[in-house]
Amino acid sequence: MKLGTIVYENEIYNLDYMNASEIKQIINIAETNKIKNINEGKQTINKPY
Amino acid sequence: MRIKTNDKYASIMLKNRYENVKNEITLTAILNSVYAQKISNETIQTKVNHQIHSIETAINRINPKFGEKSKNYEKIKEQILDILNEFETNLKQFCEVFDKEIQETILQKVEFESQLFMAVLRKELLEPNEKKQPKQKEKNKPKQNVKNTVETLEKEVRKITQKINELNEQKVKKIFDAMETENKAISTQIRKPRTIKKITKFFANRFNTYHVIVKSVLEPIEHRIDEFKVNELEKVDFQNQEFDLKEMEKEIREREKNVFESEENRKICESLGIL
């Protein structure tokens with residue numbers, strides 16, 4: 001099965017040549033960034049300008 | 001509906017956040033599905049390698065000088081390759097059920113995460129309208145409902161992530177336990193022919209190595225494979241479908257669309273200038 005490539009944070013990742021542990025690292029980074037973006041979305045709405 | 005802050009700046013920031021969150025939801029879902037496939041492939045490969053090593057050590061115990069130039073080498077090689085192919089296909093079919101369940105949970109997670117983001121936006125946007133109408137008695141009820149949805153959705157997202165990790169761990173255990181001997185050590189019951197007095201020990205190991213290998217090494221493995229097919233694989237519905245990442249990506253994007261572009265959420269997104 002061919003998985004292809006993914007681009008994240010200006011870096012290219014070839015999924016065919018990556019281990020499970022390397023993919024898990026990227027998952028952890030992406031999930032922390034996702035939570036950050038949701039929380040920063042709350043702050044932009046509540047910030048007084 | 002109005003936002004509390006400066007509208008232009010906030011709408012630009014929210015648009016960026018919306019796009020980032022949307023992309024990260026799809027990316028994490030794709031990576032989780034790829035991670036599940038990689039784990040299954042790696043565990044199957046280690047189990048097959050263990051089986052190869054056990055066969056090699058058993059053959060070495062029977063006759064340490066059995067090699068490429070010895071008699072019936074190619075016959076045994078073909079039989080071993082056929083057995084290992086069956087071994088691997090059984091494990092792949094067994095994995096398929098677990099991987100399907102993991103993919104369904106990943107798609108549920110996509111729905112909950114996108115609902116969570118829309119619930120956060122809805123929560124912040126409903127508050128200014130409630131302040132303008134303070135005399136209504138039903139002031140607190142929509143707040144509570146919105147708060148409950150955000151908290152409940154966060155809990156459900158955590159539960160689903162735990163469930164995905166648990167399913168991967170269960171899959172690995174069951175693969176390692178499949179088609180395994182009751183005795184974890186290598187069997188030492190090698191059926192050798194009776195030594196004839198006139199023939200020395202030098203020749204004794206070289207007689208009927210083919211038959212000894214077949215009876216003591218290959219037939220027990222075939223027996224375990226057949227038992228596994230009868231006991232385990234018949235209970236399971238597998239379709240022999242290979243994992244297609246593009247189809248998974250399509251389903252992920254459809255589920256996201258269904259949430260972000262639903263009737264309730266479309267108004268919020270249009271008011272913010274996202275859609």
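**View 1. The largest nonpolar core of the predicted model.** A nonpolar core is taken here as a set of buried Ala, Val, Leu, Ile, Met, Phe, Trp, Tyr and Cys residues joined through C-beta atoms within 7 Å, where buried requires 20 or more other C-beta atoms within 10 Å of a residue's own, C-beta atoms being placed from the backbone. Of the 39 residues in the largest such core, Leu31(B) and Val34(B) touch the most other members. Two or more residues come from each of α1 of chain A and α1 (7-62), α2 (73-132), α3 (140-177) and α6 (245-260) of chain B, and α2(B) gives the most, with 15 residues. Helices (H or I, at least four residues) and strands (E, at least two) are DSSP runs, numbered from the N terminus.

View 2. Leaving aside residues up to four places away in sequence, Val34(B) touches Leu3(A), Leu15(A), Ile23(A) and Leu245(B), a contact being C-beta atoms, placed from the backbone, within 7 Å.

View 3. Strand β1 (residues 5-8) of chain A runs antiparallel to β2(A), to which four bridges join it; strands pair if DSSP finds at least two bridges between them. Thr5(A) stands opposite Asn14(A) in β2(A), and two residues separate the strands of this hairpin, with Glu9(A) in the turn having a positive phi of about 55°.

**Note on the model.** Residues are numbered from 1 along each chain as its sequence is written, and chains are lettered from A in the order in which they are written. In this predicted model, local features need pLDDT of at least 70, side-chain atom pairs count only at pLDDT 80 or more, and totals for chains, interfaces and linings use all residues, pLDDT being the predictor's confidence in each residue, from 0 to 100.

Notes
Buried ≥ 20, exposed ≤ 12 C-beta atoms within 10 Å, placed from the backbone. Contact = placed C-beta atoms within 7 Å.
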